Amino acid sequence: MSTSAALMVAAEGGIIGDGRTGANLALGVGLLGLVVGWLALARAGGRISRGNARTGGMSAIAVGLAGTALAVLHLATSSGGPGTGNGLVGAIVAVPLGLGAVLLGRQALTRSRSADRPIDRMTA
């Protein structure tokens, strides 16, 4: 399937739904990414003892990127403006949610790397 054919199917509501469905999907995925990123950050800080902070951080980045991509796809294929019932405002809100999940995941990865490094006794 070519790119133009895929965009036409998306515009008709075949891939991510029509109206508010695609925006709600993007919002849900972005919110899920924020939760996963927050939990990974809590694991990296030592507040939660279960799970791996690195795995959680990578998962938050992946889910956040997927939510952002879904929101941008919905923004690109939606017709009309805000208030027309096509979910444009929901997709606009989903973009920072997904990017926030990416940032939380990145911060969790950074903190988990610094916690895994051995302390150099000569410089401390």
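Helices (H or I, at least four residues) and strands (E, at least two) are DSSP runs, numbered from the N terminus. With that in hand, colour the chain by secondary structure: from the N terminus on, its elements run α-α-α-α, which comes to four helices and zero strands.

Before going further, a word on what you are looking at. This is a predicted model, in which local features need pLDDT of at least 70 and side-chain atom pairs count only at pLDDT 80 or more, while totals for chains, interfaces and linings use all residues. Residues are numbered from 1 along each chain as its sequence is written, and side-chain values use heavy atoms, with hydrogens and water left out.

**Stop 1: the whole chain**

Of the 124 residues in the chain, 34% are buried (buried means under 20% relative accessible area, exposed over 50%, and partly exposed in between, with a 1.4 Å probe and protein chains only).

**Stop 2: helix α2**

Select residues 20-44, which form helix α2. This helix has 25 residues and reaches 36 Å from its first C-alpha to its last, close to the 36 Å expected at 1.5 Å a residue (the expected span is 1.5 Å times one less than the number of residues). Its buried residues include Gly22, Ala23, Ala26, Val29, Gly30 and Gly33.

Click on alanine 23, which sits in α2. Is alanine 23 buried or exposed? Its relative accessibility is 1%, so alanine 23 counts as buried.

**Stop 3: helix α3**

Next, select residues 53-77 for helix α3. Here too you will find 25 residues, reaching 36 Å from first C-alpha to last, close to the 36 Å expected at 1.5 Å a residue. Among the buried residues of α3 are Ala53, Gly56, Gly57, Ala60, Ile61 and Gly64.

Pick out glycine 57, placed in α3. Glycine 57 is buried, with a relative accessible area of 0%. From its C-alpha to that of leucine 104, 47 residues apart along the chain, the separation is 7.3 Å.

For a contrast, go to alanine 76, another residue of α3. Alanine 76 is exposed, with a relative accessible area of 62%. Its C-alpha and that of alanine 91, 15 residues apart along the chain, are separated by 9.9 Å.

**Stop 4: α2 and α3 together**

Show both helices at once. Two packed helices are described by the angle between their axes and the distance between the axes. For α2 and α3 the angle is about 160 degrees and the axes are 8 Å apart (axes are lines fitted to C-alpha atoms, for helices over the stretch in contact, and angles run from 0 to 180 degrees between N-to-C directions). The pair is therefore roughly antiparallel (angles under 35 degrees count as roughly parallel, over 145 as roughly antiparallel, 65 to 115 as roughly perpendicular and the rest as oblique). By class, the contact of α2 with α3 has 14 nonpolar, nine polar and one charged residues (Ala, Val, Leu, Ile, Met, Phe, Trp, Tyr, Cys and Pro count as nonpolar, Asp, Glu, Lys and Arg as charged, and the others, Gly among them, as polar).

**Stop 5: the annotated spans**

Finally, highlight residues 23-44, 56-76 and 88-105, where an unreviewed UniProt entry places the feature "transmembrane region". Residues 23-44 are 100% helix and 0% strand, with end C-alpha atoms 31 Å apart. Residues 56-76 are likewise 100% helix and 0% strand, and their end C-alpha atoms lie 30 Å apart. UniProt positions are given in the numbering used here, feature names are shortened, and annotations may be inferred rather than shown by experiment.
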